[in-house]
Amino acid sequence: MADDIKLTVDISGANKKILDFTASKKEKIKNAVIKSALNIQRNAKRECPVDTGALRNSINVSFESDYDAFVSAEMPYAAYVEYGTKNMEAQPYMRPAAEAEVAKLKSEIEND
């Protein structure tokens, strides 16, 4: 959907570097990505404003590969709630959830 809120955390060159990692390091990164995506989903649902609950219930995780996860809100008005409009103040729920997880993800991947 065009109005989905999608956040991608890009670590430049990461996919190329991952090819050189050991199997156990690759598994650790995969598990860290899964954990972070689920944490973002959980926290976004917790912070999401609720009227009918439809927006909160539409927040889902999809995994494109072992190292790519997407957390998105599927309701057509999701972006309006996140970013606001000229008639409505923003009520961010996705960005804060993702921003809180980025440092944790990087730390978990970098620490052995």
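Mentor: Start with a term: a salt bridge is a side-chain nitrogen of Lys or Arg within 4 Å of a carboxyl oxygen of Asp or Glu. Keep in mind that this is a predicted model.
Trainee: How many salt bridges by that rule?
Mentor: The count comes to 4 salt bridges. One of them joins glutamate 82 and arginine 95, with the closest N and O atoms 2.8 Å apart.
Trainee: Where do glutamate 82 and arginine 95 sit?
Mentor: Glutamate 82 is in helix α4 and arginine 95 is in helix α5. The pair links distant parts of the chain, 13 residues apart.
Trainee: Is glutamate 82 buried or exposed?
Mentor: Glutamate 82 counts as buried, because its relative accessibility is 0% and buried means under 20%. Arginine 95, at 30%, counts as partly exposed.
Trainee: What does aspartate 66 pair with?
Mentor: Aspartate 66 forms a salt bridge with lysine 30, and their closest N and O atoms are 3.9 Å apart. Aspartate 66 lies in the loop between β1 and β2 and lysine 30 in helix α2, so the bridge ties together parts 36 residues apart in sequence.
Trainee: How accessible is aspartate 66?
Mentor: Aspartate 66 is partly exposed, with a relative accessible area of 39%. Lysine 30 is partly exposed too, at 25%.
Trainee: And lysine 104, what does its side chain meet?
Mentor: The side chain of lysine 104 meets that of glutamate 101 in a salt bridge, 3.9 Å from N to O. Both lie in helix α5, 3 residues apart, which is about one turn of the helix. Glutamate 101 is buried at 4%, while lysine 104 is partly exposed at 48%.
Trainee: Back to α5, then. What span should its 17 residues have?
Mentor: At 1.5 Å a residue, α5 (residues 94-110) should span 24 Å. Its end C-alpha atoms are 24 Å apart, so the two agree.
Trainee: Where is the kink in α5 centred?
Mentor: On valine 102, and the kink is about 30°.
Trainee: What do the buried residues of α5 pack against?
Mentor: They pack against α2 (23-47), β1 (59-65), β2 (68-73) and α4 (78-83). The buried residues include Met94, Ala97, Leu105 and Ile109.
Trainee: New topic: the surface. Which residues make the nonpolar patch?
Mentor: Tyr77, Tyr80 and Met88 make that patch, about 270 Å² of surface. Methionine 88 lies in the loop between α4 and α5. Its relative accessible area is 31%, so methionine 88 is partly exposed.

Technical notes. Residues are numbered from 1 along each chain as its sequence is written. This is a predicted model: local features need pLDDT of at least 70, side-chain atom pairs count only at pLDDT 80 or more; totals for chains, interfaces and linings use all residues. Side-chain values use heavy atoms; hydrogens and water are left out. Helices (H or I, at least four residues) and strands (E, at least two) are DSSP runs, numbered from the N terminus. The expected span of a helix is 1.5 Å times one less than its number of residues. The bend at a residue is the angle between axes fitted to the seven residues ending there and the seven starting there. Buried means under 20% relative accessible area, exposed over 50%, partly exposed in between (1.4 Å probe, protein chains only). Contact means heavy atoms within 4.5 Å. Patches are made of residues with over 30% relative accessible area and no salt bridge: like charges are joined within 9 Å, nonpolar side chains (Val, Leu, Ile, Met, Phe, Trp, Tyr) within 5 Å. Accessible areas come from the Shrake-Rupley method with a 1.4 Å probe; for residues, only the protein chains shown count as cover.
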